Amino acid sequence: MQSKFRQLLVALAVAASFALPAFAATPVNVNKADATTIAKSLDGIGQSKAQAIVAWRQAHGPFKRVEDLAQVKGIGKGTLERNHDAIRFSGDLPPPKSAPAKKSVHHKAKAVAKG
């Protein structure tokens, strides 16, 4: 009986992990980005909501706080909470993390010649 219960719990845990959203928000400056970039970067923000963000920004000026985005029709508290850490307001974003650059063939040839 206990073994069946454990199997059920494991099955439920696995099923729940698949139900979680697979999308993670990407940092975006909502005061500079175009609608397409905002839509691609933020979870729960489609093209029409992203266009509304850009229109609001053009009409009222730059956003200063995450909560300011709630003034845009269709943007609610839950959307802001999910995207809080990805919403930027000023400055340039850091470059995306990438794999370390590979040494050129020229450097490898020098190493072989020395060796």
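Is Arg-82 buried, partly exposed or exposed, and at what relative accessibility?

Author: Arg-82 counts as partly exposed, because its relative accessibility is 45%. The cut-offs here are under 20% relative accessible area for buried and over 50% for exposed, with partly exposed in between (1.4 Å probe, protein chains only).

A word on the ground rules. You're looking at a predicted model, where local features need pLDDT of at least 70 and side-chain atom pairs count only at pLDDT 80 or more, while totals for chains, interfaces and linings use all residues. Residues are numbered from 1 along each chain as its sequence is written, and side-chain values use heavy atoms, leaving out hydrogens and water.

Now the partner. Arg-82 pairs with Asp-43 in a salt bridge, with 3.1 Å between the closest N and O atoms. The term asks for a side-chain nitrogen of Lys or Arg within 4 Å of a carboxyl oxygen of Asp or Glu. Asp-43 counts as buried because its relative accessibility is 15%. The two residues lie 39 apart and link distant parts of the chain: Asp-43 sits in the loop between H2 and H3, and Arg-82 in helix H4 (residues 77–83). Helices are DSSP runs of H or I with at least four residues, strands are E runs of at least two, and both are numbered from the N terminus.

The structure holds two salt bridges. Asp-68 and Arg-65 form one of them, with the closest N and O atoms 3.6 Å apart. Asp-68 is buried, because its value is 13%, whereas Arg-65, at 47%, is partly exposed.

The largest nonpolar core has 20 residues, and Ile-38, Leu-42, Ile-53 and Leu-69 touch the most other members. Such a core is a set of buried Ala, Val, Leu, Ile, Met, Phe, Trp, Tyr and Cys residues joined through side-chain atoms within 4.5 Å. Helix H2 (35–41) and helix H3 (47–60) are the elements giving two or more residues to this core, and H3 supplies the largest share, four residues. Take Ile-53: setting aside neighbours within four places in sequence, its contacts (heavy atoms within 4.5 Å) include Val-30, Ile-38, Phe-63 and Leu-69.

Zooming out, the protein has five helices and two strands, in the order α-β-α-α-α-β-α along the sequence. Buried residues make up 25% of its 115 residues.
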